[in-house]
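Hello,

Here is the structure I promised to pass on. My notes follow below it.

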Amino acid sequence: MDEERVGGLSHEKNASDTDSYDARKEDHFGEAHVVSDAKELITHVLHVDDDPTLSPWTFRAFFLGAGLAIFAAVLQTIYYFKPQAIYVSIVFLTVIAYILGEALAMIPRIGPVGRFLNPFPFNSKEHVFIVVMASAGATSAIATEILAAQRLYYDTDPSPGAAVFLVIASQLLGYGIAGLLRGILVQPSKMLWPINIPVNSLLETLHRDKAETAKRLRVFLIIFFVMFFYEIIPEWIFPLLQGVSIFCLAQKHSLVFTNLFGGSSGNEGLGFLSISFDWQYIASLGSPLWMPLYTLTNSLIGYLLCTILFMGLYYGNIWDSQNFPFLSQLLFDQTSNSTNFVTYNLTAILTPDNEIDVDAVQAVGIPYMTGTYIAYLITTNMGVTATLVHMLLWHYDDIKEGWSFLTVENLKKLLSAETWLFWRNQEDPELHKRKTLADPTKDPHYKLMMQNGYREVPQWWYGGVLLISFVMGMATIYGVGSTLPWWGFIISNIFAAIFILFFGAQMGITGFQFNQQPILQMLAGYMHPGRPLANMYFTVFGFNGVQQGQWLLRDLKLAQLAHLSPRSTFTAQMLGTLIGAIFDYIMMETIVTNQFDILTSIEGSNIWSGQNVQQYNTLALAWSMAKDMFSVGARYQWVTLGYLIGFFVPLPFWILHRYTKLQVFEYINLSIILWYMGWLFVGVNSSILSYFAAGFFAQLYLRRYKPALFVKWNYLVSAALDGGTQVIVFILSFAVFGGSGEAHDFPIWAGNNGGIGNNNNLDYCMYNPANNS
């Protein structure tokens with residue numbers, strides 16, 4: 001009785017404290033003020049106001065959301081099989097959704113059909129609903145990597161039903177865990193998710209000042225259609241423009257020149273001083289127009305060191321590098337040499353159950369990897385631990401503030417039944433509203449939604465998603481012949497939950513996303529020795545769960561800052577995920593069927609490449625032989641030791657700065673440099689110079705000397721460049737690149753020498769005949 005009485009008194013006190021609170025008073029949009037924390041940023045850059053009468057529940061929103069989710073899923077899968085990793089731009093999806101939404105809003109509201117299709121003007125809530133659904137579909141499922149690898153390297157092809165359920169289960173796992181943790185990772189102000197701020201700013205721009213919107217859209221459309229038609233030239237008609245190397249044009253018979261200056265084809269070379277006129281590759285990992293100057297500078301240093309490191313390793317013949325290709329993600333046999341590259345015979349060492357036969361490995365020999373790929377693994381592993389130390393040394397106060405949610409009280413809440421026993425958590429909506437408004441750590445935008453009567457998603461909804469994912473995943477790992485035991489599946493789920501909490505918080509605070517895949521593949525290798533497929537399936541649920549959880553959290557914050565109701569957001573994300581998973585699988589099957597030989601080749605082509613699947617399969621197989629390949633004393637021991645070395649790398653510059661106070665030591669971020677020291681190990685590298693040129697022009701010149709121009713147009717121009725490029729690449733992939741069957745190559749001429757299919761590199765660098773051995 002005493003406890004109930006205290007609770008009642010507390011409830012009454014909260015009620016009196018919150019009755020006078022108005023979240024709209026937190027709106028400081030446009031005020032001249034130097035923002036000092038995340039809360040000030042989101043209340044000065046974005047409006048804290050809302051119109052709760054706007055509804056996203058229209059046929060128009062569902063139709064466009066589903067359509068763009070299909071488009072984004074198919075496009076992202078196409079990009080997955082490109083020689084350079086490329087991601088669908090959320091800003092682009094935002095602008096396209098707006099254009100299509102406004103177009104459908106022009107349908108006359110005549111009769112019941114007209115009012116059903118166009119019940120009212122296209123509004124911001126519909127727009128955010130569409131973007132969230134499309135974004136959920138755009139996240140490429142790691143499960144398709146396994147399914148592709150099984151077809152390409154293990155001669156197995158799970159049934160379509162089991163495969164689709166596998167993809168869905170791996171996607172929903174992260175969503176369920178992240179959804180249960182959203183009170184910690186999304187709702188607090190300090191969880192900024194800075195990647196969303198440009199998108200939310202664009203959403204506000206498109207739905208506030210109509211005169212400004214019209215002008216901005218006109219500029220967007222001009223650039224969009226110019227890029228739409230222009231990209232046909234470097235992509236199909238004149239592919240030499242993908243990478244112009246003056247050095248290779250001057251010397252066409254030197255493999256040294258190919259390795260250093262070539263780069264227009266996948267795994268060709270480092271592309272040093274090449275110039276690219278193809279925006280698809282220039283902005284392959286994200287537009288350089290968005291990249292902060294600090295990151296650009298450190299990545300440039302890393303890139304230059306990568307060039308020196310790779311050339312030194314190869315021509316120093318470290319790890320017998322010259323017996324293998326300069327760049328490749330495949331495993332090679334010990335009989336390989338510089339004139340005859342011999343890939344490792346995977347089937348010779350596998351049992352009928354796709355496990356490694358130890359006796360066969362002894363007979364065939366331990367596989368080799370290219371020196372540049374080993375260098376990438378070492379620097380990447382060093383970068384993981386160096387990042388942790390760097391942030392503690394240089395940003396301890398920020399980290400301490402950001403992780404302040406890990407108080408004893410919050411940890412108790414995290415471990416309590418209220419958080420995880422979701423079926424018991426049926427909190428009264430009014431009580432939740434009062435608690436939220438009284439909590440000073442909560443995001444004012446979230447408070448505004450609760451103040452306006454938006455109903456929160458019950459915990460059991462996300463708990464149900466997690467339970468369905470777990471049951472579906474447990475069933476499918478046996479249905480697809482994964483070789484992963486039930487206990488391994490459970491451990492991968494546990495790692496996903498832990499990593500989503502810690503790495504999700506880190507991404508929410510800083511915007512930096514760690515790559516946990518190497519760590520998980522290492523752990524899986526030691527837990528499931530001799531089982532490459534088990535390694536891949538462990539990684540799919542451990543890593544893909546984390547990745548999908550982070551994307552869900554990102555989009556939850558996007559919706560929160562745009563004041564889309566939680567239940568609308570849940571609906572959009574679940575539908576987008578299901579649609580995306582199905583079309584991810586369909587598109588993967590289509591590409592693997594039609595491009596099988598190219599995807600298993602060393603170089604691939606300038607259009608298609610199996611480098612992502614090759615990496616995944618290579619590491620799974622290699623870590624399955626961890627004792628012989630990566631443990632201390634083994635041939636590639638420095639891959640594992642790299643984690644340990646990374647802890648010490650940031651210390652010298654921090655010590656020098658502490659005692660000299662020179663700003664240059666503060667500006668150098670060795671963790672970023674280490675990540676970029678392995679950057680060139682794969683893909684089309686001829687675009688790097690153009691990437692840095694565009695980035696420094698925007699972030700150094702425009703931002704400093706033309707700030708008004710930069711703020712007004714930089715991000716919109718970036719979205720238009722991405723948009724026009726991505727749409728035409730989507731069309732060309734089916735129309736001429738063989739995405740759905742037969743390819744239609746452009747006739748051979750000086751600007752198109754036929755590329756790999758004609759035993760040429762597109763930039764006229766010498767083609768290595770050993771690639772065809």
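How many aromatic pairs does a search of the whole structure find? The search finds 45. Keep in mind that this is a predicted model.

**Aromatic rings**

Trp57 and Phe62 make a tilted pair, with 6.0 Å centre to centre and 35° between the planes. Trp57 is partly exposed, at a relative accessible area of 45%. Phe62 is also partly exposed, at 28% relative accessibility. Phe489 and Phe541 form an edge-to-face pair: 4.9 Å between centres, 85° between planes. Phe489 sits in helix H25 and Phe541 in helix H27 (residues 532-561), so this pair ties together parts that are 52 residues apart in sequence. Both of these Phe residues are buried.

Ring pairs link Tyr303, Tyr676, Trp679, Tyr691, Phe692 and Phe696. One ring has a charge over it: the charged end of Arg635 sits over the ring of Tyr368, 3.6 Å from the ring centre.

**Salt bridges**

The structure holds seven salt bridges. Three of them are described here.

- Lys125 and Asp50 meet through their side chains at 3.0 Å, N to O. Lys125 is in helix H6 (residues 124-138) and Asp50 is in the loop between helix H2 (38-44) and helix H3 (59-80), so the bridge ties together parts that are 75 residues apart in sequence. Lys125 and Asp50 are both buried.
- Glu589 and Arg151 meet at 3.1 Å, N to O. This pair links distant parts of the chain, 438 residues apart: Glu589 belongs to helix H28 (residues 566-594) and Arg151 to helix H7 (residues 143-153). Glu589 counts as buried because its relative accessibility is 15%, under the 20% cut-off. Arg151, at 18%, counts as buried too.
- Glu456 and Arg182 meet at 3.5 Å, N to O. Glu456 lies in the loop between helix H23 (444-451) and helix H24 (459-479), and Arg182 in helix H9 (residues 182-185), so the pair ties together parts 274 residues apart in sequence. Glu456 is buried, with a relative accessible area of 15%. Arg182 is buried as well, at 7%.

**Helix H3**

What span should the 22 residues of H3 have? At 1.5 Å a residue, they should span 32 Å. The end C-alpha atoms of H3 are 31 Å apart, which agrees. Of the 22 residues of H3, 16 are buried, so the helix is largely enclosed by the rest of the structure.

**Backbone**

Most residues other than glycine have a negative phi. Leu273 has a positive phi, near 65°. Leu273 is placed in the loop between helix H14 (255-261) and helix H15 (279-282), and is partly exposed at 38% relative accessibility. Thr483 also has a positive phi, near 70°. Thr483 is in the loop between H24 and helix H25 (486-510). At 18% relative accessibility, Thr483 counts as buried.

**Confidence**

The mean pLDDT of the protein chain is 83, and 89% of its residues reach 70 or more. Where is confidence lowest, and where is it highest? Helix H1 (residues 2-18) is lowest, with a mean of 43, and H6 is highest, at 94. The pLDDT is below 50 over residues 1-16, and beyond near neighbours in sequence this stretch has four contacts in the model. Where pLDDT is low, the predicted coordinates should not be read in detail.

Best regards

How values were computed: Residues numbered from 1 in each chain as written. Predicted model: local features only at pLDDT ≥ 70, side-chain atom pairs only at ≥ 80, totals over all residues. Heavy atoms only, no water. Salt bridge = Lys/Arg side-chain N within 4 Å of Asp/Glu carboxyl O. Helix = DSSP H or I, 4+ residues; strand = E, 2+ residues; numbered from the N terminus. Buried < 20%, exposed > 50% of the residue type's maximum accessible area, 1.4 Å probe, protein only. Expected span 1.5 Å × (residues − 1). pLDDT = per-residue confidence, 0-100. Contact = heavy atoms within 4.5 Å. Phe/Tyr/Trp six-rings, centres within 6.5 Å; stacked < 30°, edge-to-face > 60°. Lys NZ or Arg CZ within 6 Å of the ring centre and 35° of its normal.
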